[in-house]
Amino acid sequence: MIPKGVEHQLPIYLDHNTTTPLDPEVLDAMMPYLTHQYGDPASRSHAWGWVAEEAVDGAREQVATLIGAQPEEIVFTSGATESDNLAMKGIAYAYRSQGHHLITQETEHRAILDSCSTLEKDGFAITYLPVDRHGMVDPEAVRAALTEKTILVSIMHANHETGAIQPLAEIGRIVKARGVLFHSDAVQAVGKIECQVDELQADLLSISGHKMYGPKGVGALYVRKTRPRRIKLVPLLDGGGHERGMRSGTLNVPGIVGLGKACELASRVRLTEAERLARLRSRFLERLTQDLDDVHLNGHPTQCLPNHLNLSFEFVEGEALIMGLREIACSSGSACTSSTLEPSYVLKAMGLREDLVHASIRFSLGRWTTDADVDEAVRQVVERVKRLRAMSPQYGLARKKAL
Ligand SMILES: *Cc1c(COP(=O)(O)O)cnc(C)c1O
């Protein structure tokens, strides 16, 4: 945890799109439920149960408020991987008699793509829409892909690797005009940018606690209940019928309270934070490109999360750069797959040149990132890139050619 008001302190954490620190206010809110308030909200006959139920109700309201939903429309889960699985598989199996076709896109999170693979093995047909070089899906391509058999369209709000923000409201209008259900993995967007279920016309929306200064292992799925209709889901887990039958299992009360508090804090600080982060992001990019040439910005130049930078340093291996940046926490490719050293499927889908895919690094700033952190990170990155390039024969040749 980086305490507020402290000048930069090494190492510097710039990997907030992978996970965020817990906000101390969130921990404070959780603490009673980790200690003496250990009741099960399903216990109707004593005070421990009542206190826990009240806490969960409060959290449900906080989550709903942030996304413009009703509290009854929030289903608590173990995180967004589960929310995504529940949305995709739950809808597919509930609406199978109406069709077997689903639409998504190539740069979704693994939780969506792998759910789709499972559904394909079970006889569903999936359309994976391509993205353009900025990582954007064309709403007209969504329209063209819709068929009589389409039951669900799932398009993420903001991408986890590039920060690119999809034209979701426009896609939502197209999908809803055809009466098809619309899901969005909004993990990276919620709490950072405006995200209202009615405006986006979303029927289902996935959220994760630990991407927004809440605890790990808790998330939510918004499931529309009215206006225009109630949506059914086949649950992934069988059991006590908690969460309106959509997610059985004794509720993770401290986690849920933490997620609720994180949503309340996000409602409160989102606008000022977005502005501050966008300024820091510009500072980062400007200073870096002042001192380095051949730096490429991956993602959309303007439709991008305020805290996110995905950069390719030409002539440099991203992995080599990260190894050298021992005091800066950031990721190369996708954090989930980088252990396999496979190049990022997101950047590949955007048609990025192979060498630039390998040269990519993702920096994501957060609530406690300071100007001093940014300046120190830039200093270290510049120094490291220059050193690696000095050893690169390709860079030497390219420089000579440029002269
Ligand atoms: C992190 C992430 C997930 C998975 O969330 P967990 O809560 O860690 O399971 C899903 N989608 C996106 C876009 C993410 O960034």
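Q: How is the packing of α8 and helix α12 described?
A: Two packed helices are described by the angle between their axes and the distance between the axes. Axes are lines fitted to C-alpha atoms, for helices over the stretch in contact, and angles run from 0 to 180 degrees between N-to-C directions. Helices (H or I, at least four residues) and strands (E, at least two) are DSSP runs, numbered from the N terminus. In this predicted model, local features need pLDDT of at least 70 and side-chain atom pairs count only at pLDDT 80 or more, while totals for chains, interfaces and linings use all residues. Residues are numbered from 1 along each chain as its sequence is written, and side-chain values use heavy atoms, with hydrogens and water left out. Here α8 and helix α12 (residues 371-390) pack at about 30°, and their axes are 10 Å apart.

Q: Which word describes the direction of α8 and α12 relative to each other?
A: Angles under 35 degrees count as roughly parallel, over 145 as roughly antiparallel, 65 to 115 as roughly perpendicular and the rest as oblique. The helices α8 and α12 are therefore roughly parallel to each other. A crossing also has a hand: left-handed if the near helix is turned anticlockwise from the far one by less than a right angle, right-handed if clockwise. The crossing of α8 and α12 is right-handed.

Q: Which residues make the contact of α8 with α12?
A: Contact means heavy atoms within 4.5 Å. On α8 the residues are R279, L280, R283, F284, R287, L288 and D291, and on α12 they are D371, V374, D375, A377, V378, V381, V382 and K386. For classes, Ala, Val, Leu, Ile, Met, Phe, Trp, Tyr, Cys and Pro count as nonpolar, Asp, Glu, Lys and Arg as charged, and the others, Gly among them, as polar. The contact of α8 with α12 has eight nonpolar, no polar and seven charged residues.

Q: How do helix α1 and helix α8 pack?
A: Helix α1 (residues 24-34) and helix α8 (residues 253-291) meet at an angle of about 155°, with axes 8 Å apart. That makes α1 roughly antiparallel to α8. Their crossing is right-handed. Residues E25, V26, A29, M30, Y33 and L34 of α1 make the contact with α8, whose part includes V253, P254, G255 and V257. By class, the residues of this contact of α1 with α8 are 10 nonpolar, two polar and three charged.

Q: At what angle do helix α2 and α8 pack?
A: The angle between helix α2 (residues 47-67) and α8 is about 35°, and the axes are 8 Å apart. The crossing of α2 and α8 is left-handed. Among the residues in contact are A52, A55 and V56 of α2 and I256, L259 and C263 of α8. The contact of α2 with α8 has 12 nonpolar, three polar and two charged residues.

Q: How many disulfides does the count come to?
A: A disulfide is a pair of cysteine sulfur atoms within 2.5 Å. By this rule there are zero disulfides. The cysteine sulfur closest to that of C195 is in C263, 10 Å away, too far for a bond. C304 is in no disulfide either, as the nearest cysteine sulfur, that of C195, is 16 Å away.

Q: Are C195 and C304 buried or exposed?
A: Buried means under 20% relative accessible area, exposed over 50%, and partly exposed in between (1.4 Å probe, protein chains only). C195 is buried, with a relative accessible area of 4%. C304 counts as buried at 12%.

Q: Where is M246, and what does M246 touch?
A: M246 is in the loop between β8 and α8 and is buried, with a relative accessible area of 7%. Not counting residues up to four places away in sequence, M246 touches V75, L86, V223, I231, L233 and P235.
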